[in-house]
Amino acid sequence: MCTDNRTFYIGNRYIYAYDVKQHHRMKYKLDDNWKVALTALGQSEAMVEDPAQIMSTVLKFFHCVDKTGSFDPRDYFTDDDLEDARNIIDDYTKVHVKALEAATRYRENHKHY
């Protein structure tokens, strides 16, 4: 059951659900399902039209993980939405890898001995 007592935040490797009333934090591994689902959700019309729906949807993800151990983004999004989300993640990853490589080259070329 979704309540307004929970919130969430995203770390580097985990997504955390926090129950405000019970002061209880749950930790979930930030796997590909989470990344694709959150990216698809961020690109959806609901993001603009109904922000409360976003929290409700994410809380459904948590509830499903708590109940079954995982969730399937295909239960919440169309194949096109998920494909778009995967493309966004791939594009970001490519840019991030290039930026990391450039920063590494810069550090190697400008070492102070």
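Visitor: Does His23 count as buried or exposed?
Guide: The structure is a predicted model, in which local features need pLDDT of at least 70 and side-chain atom pairs count only at pLDDT 80 or more, while totals for chains, interfaces and linings use all residues. Residues are numbered from 1 along each chain as its sequence is written, and side-chain values use heavy atoms, leaving out hydrogens and water. Buried means under 20% relative accessible area, exposed means over 50%, and partly exposed lies in between, with a 1.4 Å probe and protein chains only. Because His23 has a relative accessibility of 59%, this residue counts as exposed.

Visitor: Where does His23 lie, and what is its phi?
Guide: His23 lies in the loop between β2 and β3, where strands are DSSP runs of E with at least two residues and helices are runs of H or I with at least four, numbered from the N terminus. Most residues other than glycine have a negative phi. His23 is not a glycine, yet its phi is positive, at about 50°.

Visitor: Which strand gives the largest share of the positive patch?
Guide: Arg13, Arg25, Lys27, Lys29 and Lys35 gather in this surface patch, a patch being made of residues with over 30% relative accessible area and no salt bridge, with like charges joined within 9 Å. Lys35 belongs to helix α1, residues 32–43, and is partly exposed because its relative accessibility is 36%. The largest share, three residues, comes from a strand covering residues 24–29, namely β3.

Visitor: Which residues form the negative surface patch, and in which helix does Asp90 lie?
Guide: The negative patch is formed by Asp79, Asp80, Asp81, Glu83, Asp84, Asp90 and Asp91. Of these, Asp90 has a relative accessibility of 40%, so Asp90 counts as partly exposed. The helix that holds Asp90 is α4.

Visitor: How many Å separate the C-alpha atoms of Tyr28 and Asp66?
Guide: Tyr28 is found in strand β3 and counts as buried, because its relative accessibility is 6%. Along the chain, Tyr28 and Asp66 are 38 residues apart, whereas their C-alpha atoms are separated by 9.5 Å.

Visitor: Which residue forms a salt bridge with Asp72?
Guide: A salt bridge is a side-chain nitrogen of Lys or Arg within 4 Å of a carboxyl oxygen of Asp or Glu, and the structure holds one. The closest N and O atoms of the pair are 2.7 Å apart, and the partner of Asp72 is Arg74.

Definitions and conventions: Patch = residues over 30% accessible without salt bridge, like charges linked within 9 Å, V, L, I, M, F, W, Y side chains within 5 Å. Areas by Shrake-Rupley, 256 points an atom, 1.4 Å probe, with all protein chains shown as cover. Lys, Arg positive; Asp, Glu negative; His and termini not counted. Charge placed at Lys NZ, Arg CZ, Asp CG, Glu CD.
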